[in-house]
Amino acid sequence: MNTFFDSFKNHFLISMPHLDDPHFEHTVVYLCEHTPEGAIGLVINRPSNIDFSELAEHLKMTITAPTLASDPIYHGGPVEPEKGFILHTSEKAWSNTLKVNDEVSLSASLEALEDIARGQGPEAYRITLGCAGWDAGQLEKEIANNDWLVCEADLDVLFHTPSDMQFTAATKVLGIDMTRLSPDIGHA
């Protein structure tokens with residue numbers, strides 16, 4: 001029995017051109033957790049038509065940092081699309097914060113959103129509705145099927161690159177020009 005497991009926690013998954021799933025087509029996913037039991041991540045480059053002011057209004061929250069009102073909320077994935085997730089830099093933590101590494105954390109608390117609305121949140125963050133999840137062995141099969149390119153996450157791409165440029169920026173971390181890849185696997 002092979003007990004070796006290579007975790008892709010704190011990595012980007014970059015969808016390949018042949019990935020024919022409307023939830024993941026042309027996406028970059030940040031993996032927050034990856035164990036033999038499965039994986040969870042957030043799509044980081046798919047803004048929704050909801051902004052922070054709409055989310056705050058829905059949650060009956062006051063925004064005292066007005067520059068945040070138009071910040072987009074992202075589609076984080078098809079799992080639990082009604083639940084909010086905050087991917088953020090690790091200088092702040094709340095009671096249910098998952099520390100991905102020394103630089104990045106994941107929170108899913110109203111308290112975190114309230115702090116952001118007051119301008120007291122983390123230095124950088126991305127708020128999503130929903131997440132992406134894989135059962136045991138599912139992600140490994142998709143990677144073996146060449147559905148995803150995998151590379152170490154880059155904080156600049158994660159938090160400081162506009163969403164419409166993240167896909168290209170993430171592929172450049174690997175030194176790849178996606179426009180030159182064929183969607184036909186195994187064919188030149």
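## Ground rules

Residues are counted from 1 along each chain as its sequence is written, and side-chain values rest on heavy atoms, with hydrogens and water left out. Since the model is predicted, local features need pLDDT of at least 70 and side-chain atom pairs count only at pLDDT 80 or more, while totals for chains, interfaces and linings use all residues.

## Overall picture

The protein chain has five helices and ten strands; these are DSSP runs numbered from the N terminus, with helices being H or I of at least four residues and strands being E of at least two. Its C-alpha trace spans about 55 × 40 × 25 Å along the principal axes.

Of the 188 residues, 44% count as buried (under 20% relative accessible area, with exposed over 50% and partly exposed in between, using a 1.4 Å probe and protein chains only).

Strand 1 (11-15) is mostly covered, with five of its five residues buried. H11, L13 and S15 sit on one side, F12 and I14 on the other, and both faces are covered.

It has partners too, where pairing takes at least two DSSP bridges between two strands. Strand 1 and strand 10 pair antiparallel over five bridges, and S15 has W148 of strand 10 as a bridge partner. Strand 1 also runs antiparallel to strand 2, joined by three bridges, and there L13 has V29 as its bridge partner.

## Nonpolar cores

The largest nonpolar core holds 23 residues, and F12, Y30, L87 and L158 touch the most other members. Two or more residues each come from strand 1, strand 2 (28-35), strand 6, strand 8 (104-107), strand 10 (148-152), helix 4 and helix 5 (163-174). Apart from this core lies another, of 15 residues, including A65, L68, I116 and A117. A core here is a set of buried Ala, Val, Leu, Ile, Met, Phe, Trp, Tyr and Cys residues joined through side-chain atoms within 4.5 Å.

In helix 5, S163, Q166, F167, A169, A170 and T171 are buried.

The largest pocket has a volume of about 250 Å³. For the terms: on a 1 Å grid over the protein atoms alone, a pocket is an open set of points with protein on both sides within 12 Å along at least five of seven lines, and lining residues have an atom within 4 Å of a point. Volume is the space filled by probe spheres set on the points, which are joined across faces, edges and corners. Of its 15 lining residues, L55, L59, G84, L113 and L129 lie nearest the centre. Strand 6 gives the largest share, four residues; helix 1 (52-58), helix 2 (110-117) and strand 9 (125-135) each supply at least two. The lining divides into ten nonpolar, three polar and two charged residues (Ala, Val, Leu, Ile, Met, Phe, Trp, Tyr, Cys and Pro are nonpolar; Asp, Glu, Lys and Arg charged; the others, Gly among them, polar).

The second largest pocket holds about 170 Å³. Its lining includes F52, D71, Y74, R126 and H160, and strand 5 (72-75), strand 9 and helix 4 (155-160) each supply at least two residues. By class, this lining has eight nonpolar, one polar and three charged residues.

Technical notes: On a 1 Å grid over the protein atoms alone, a cavity is a set of points where a 1.4 Å probe fits but cannot get out, and a pocket is an open set with protein on both sides within 12 Å along at least five of seven lines; lining residues have an atom within 4 Å of a point.
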